Amino acid sequence: MPLPRRTIEIAKGLSLDESAATETLGVLARKGRGKTFLATKIVEGLCDLHCPTTIIDPAGNWWGLTLAANGKDPGLPFIVLGGQRGELPLSAEAGHRLAEVVVQLRLNVVLDVSEFDDKELSRFVGDFLETFRVASQRQRQARMVVFEEAQLLAPQQLAGDTQRMLKGVERIVRLGRNYGIGSMLISQRPQSVNKEVLSQVECLFVGQINEAHARKAIRDWIAEKDAEAMSQLDALSKLERGEFFCWSPSWLQVFKKIRVLPKRTFDASRTPELGHRAAAVEPRRESLTGRARSATRGARRRRGHRPLDRFPRRRFGAGKRAASAGGGGQKEGGAGGCSAPAT
Ligand SMILES: Nc1ncnc2c1ncn2[C@@H]1O[C@H](COP(=O)(O)OP(=O)(O)OP(=O)(O)O)[C@@H](O)[C@H]1O
Ligand SMILES: [Mg+2]
């Protein structure tokens, strides 16, 4: 008897099946309308299905996955690298090496690139994605890559060194499915996301959008995929926070309005309220600013790359929280643990 397909419930009346792991998803809405919340909900579900997931995070919010919603108990088994909450700092030069490790060990990883300048971002993401794609060709397995703030990673207007980074994103999004790579693009500025990349999206979640250029970008996507949905464009401005239209003309063959269900991991992107701390959780590393930060970067460069497998095990792969990340064993956490299947 065939096994029942496992699903990810993201709203009442809308579940994604496990093929979501290799699909191309898009989450678009104006700022603060729940894009990261919805994308996190999907990642929680993918994690339950043992789909190794890589998140490229220029916003610095995705570390929240590692904690349960109460901000205290353990969350999902992700390793966070870089940013204010990273278990290890991220070097702009480590992209190639890191991608090999992430693919080989089937790691769940948040790459917090929020402290990189434009040049570092392009170099790191370009290198990482190139090797990630090639390594995934050798080791075919369903895995997901999330592009937070996709307009920064796959911009429509190229400037400086962004060409290589854009090529990397484009190849993953366009060709990744052949090797089992799914992708999710998140953006508050669809008009600034590269059109070639955006047109690859097969399942689009659109939240409130008012701005004319942004609506035009959505209209273009709809016109290419599903002219029927065009009549609903006016409804976009009336959507509430957490409400989205889900358009998937080919894959799910649905077109419906949804309200995203609560997630179970920590809401690190919650808007800080006056008089309250932004998050009930202290940063784990001292934040470095200005000269201190560039000095650290220089020092890291001078030291050269350290192979990841030589990082202290207590910090990478065998710590209480890190131990459960990726291909190794798994511990049930407050948010419900998960792991990639053993190699
Ligand atoms: N479905 C939901 N249920 C409950 N709260 C939600 C929901 N969606 C979003 N929120 C709340 O709205 C706030 C903003 O959500 P989120 O960070 O996901 O927005 P965003 O669209 O990613 O914003 P930005 O464009 O600034 O990144 C958060 O505090 C979050 O808790
Ligand atoms: Mg967000």
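Helix H3 passes helix H5 in a left-handed crossing, a term used when the near helix is turned anticlockwise from the far one by less than a right angle. Both are DSSP runs (H or I, at least four residues, numbered from the N terminus). This is a predicted model, where local features need pLDDT of at least 70, side-chain atom pairs count only at pLDDT 80 or more, and totals for chains, interfaces and linings use all residues. Residues are numbered from 1 along each chain as its sequence is written, while chains are lettered from A and ligands numbered from 1 in the order in which they are written.

Back to the helices. The axes of H3 (residues 118–138) and H5 (residues 162–175) come within 8 Å and cross at roughly 30°; axes here are lines fitted to C-alpha atoms over the stretch in contact, with angles running from 0 to 180 degrees between N-to-C directions. That makes H3 roughly parallel to H5 (angles under 35 degrees). Among the contact residues are Leu129 and Arg133 of H3 and Met165 and Ile172 of H5, contact being C-beta atoms, placed from the backbone, within 7 Å. The contact residues divide into five nonpolar, four polar and four charged.

Now for the strands (E, at least two residues). S10 (residues 243–248) and S11 (residues 254–259) pair in the antiparallel sense over six bridges; pairing takes at least two DSSP bridges. Cysteine 246 stands opposite lysine 256 in S11. Five residues lie between the strands of this hairpin, and glutamine 253 takes a positive phi near 50°.

Technical notes
Angles under 35 degrees count as roughly parallel, over 145 as roughly antiparallel, 65 to 115 as roughly perpendicular and the rest as oblique. Two residues are in contact if their C-beta atoms, placed from the backbone, lie within 7 Å. Ala, Val, Leu, Ile, Met, Phe, Trp, Tyr, Cys and Pro count as nonpolar, Asp, Glu, Lys and Arg as charged, and the others, Gly among them, as polar.
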